[in-house]
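The sequence and model are shown first.

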Amino acid sequence: MRRILFLLLIACLPALAQAEEALAFIASGGLPKTEPSTLQRLYTGRVVSIGEHPAIPINYPVGHPLRERFLATIMGQSEEQYTGYWLVRRYVGKGAPPLVLPDVDAVVAYVLATPGAVGYVPLSKVPPGGNVIFKR
């Protein structure tokens, strides 16, 4: 019985380690470091810049584990609340939700290639020399 529990624990360690890894918000070169309140406003369309630099927020698809973690830790919202917010905002003509990319590699590539792009990735996926503007 102990052996089975030990094997289960070993099997779950990678998932536990990934769940605890910090989220890093990366941005193209010129964007300055920021704080959670600015990121909240950026991802709700209330601001379109960080400092005096235009910013383009990048998100993951509904159901992606990083998106769920972002919504819980940074936005303080559920998926339903966030999606509902953007449905209303779009309906009244106040903008469109952030661009959605399928995975971490796509987010990193887009941020590196696009001036003003902001995305979040696990801290271990920050590219060498990446501009980390916030981490939690």
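## Basis and overall layout

Helices (H or I, at least four residues) and strands (E, at least two) are DSSP runs, numbered from the N terminus. On that basis the chain has five helices and seven strands, and the elements follow one another from the N terminus as α-β-α-β-β-β-α-α-β-α-β-β.

The model is predicted: local features need pLDDT of at least 70, side-chain atom pairs count only at pLDDT 80 or more, and totals for chains, interfaces and linings use all residues. Residues are numbered from 1 along each chain as its sequence is written, and side-chain values use heavy atoms, with hydrogens and water left out.

A residue is called buried under 20% relative accessible area, exposed over 50%, and partly exposed in between (1.4 Å probe, protein chains only). By this criterion 38% of the 136 residues of the chain are buried. A contact means heavy atoms within 4.5 Å. Among contacts in the chain with a separation of 6 or more, 69% come from residues 24 or more positions apart.

## The sheet

Two strands are taken as paired if DSSP finds at least two bridges between them. Five strands form an open sheet with mixed pairing, in the order β5-β4-β6-β1-β7. The edges are β5 (99–100) and β7 (131–135); each has a single partner strand, so one side of each is left without a neighbour in the sheet. Strands of a sheet pair through backbone hydrogen bonds, either parallel or antiparallel.

Both kinds of pairing involve β6. Strand β1 (residues 23–27) and strand β6 (residues 117–122) run antiparallel and are joined by five bridges; A24 is opposite V121, and I26 has G119 as its bridge partner. β4 and β6 run parallel and are joined by two bridges, with I56 opposite A117. Six of the six residues of β6 are buried, so this strand is largely enclosed by the rest of the structure.

## Helices across the sheet

Axes are lines fitted to C-alpha atoms, for helices over the stretch in contact, and angles run from 0 to 180 degrees between N-to-C directions. Helix α2 (residues 36–43) lies across β1, β4 (56–59), β6 and β7, at about 115° to β6. Helix α5 (residues 104–113) lies across β1, β4, β5 and β6, at about 145° to β6.

In α5, the residues V104, V107, V108 and V111 are buried. They cover an arc of only 95° around the axis, which puts them on the same side of α5; the arc is that of the directions from the helix axis to the C-beta atoms. The buried residues of α5 pack against β1, β4, α3 and β6, whereas the face turned away from them carries the exposed residues D105 and A113. A106 also belongs to α5 and counts as partly exposed, at 23% relative accessibility. The C-alpha atom of A106 is separated by 9.8 Å from that of Y60, 46 residues apart along the chain.

## Helix α4

Helix α4 (residues 79–91) has 13 residues and reaches 18 Å from its first C-alpha to its last, close to the 18 Å expected at 1.5 Å a residue. The expected span is 1.5 Å times one less than the number of residues.

Its buried residues are E79, Y82, Y85, W86 and R89. They cover an arc of only 135° around the axis, which puts them on the same side of α4. Their cover includes α2, β4 and α3. On the other side of α4, E80, L87, V88 and Y91 are exposed. After α4 comes G93, with a positive phi near 80°.

## Aromatic pairs

Rings of Phe, Tyr and Trp (its six-membered ring) pair if their centres lie within 6.5 Å; planes under 30 degrees apart count as stacked, over 60 as edge-to-face and the rest as tilted. The structure holds nine such pairs. The ring centres of Y60 and Y120 are 5.1 Å apart and the planes are at 70°, so this pair is edge-to-face. The pair links distant parts of the chain, 60 residues apart: Y60 is in the loop between β4 and α3 (65–75), and Y120 is in strand β6. Y60 and Y120 are both buried.

Y85 and W86 also form an edge-to-face pair, 5.5 Å centre to centre with 85° between the planes, and both residues are buried. Ring pairs also link F25, Y43, Y60, F70, Y120 and F134 into a cluster.
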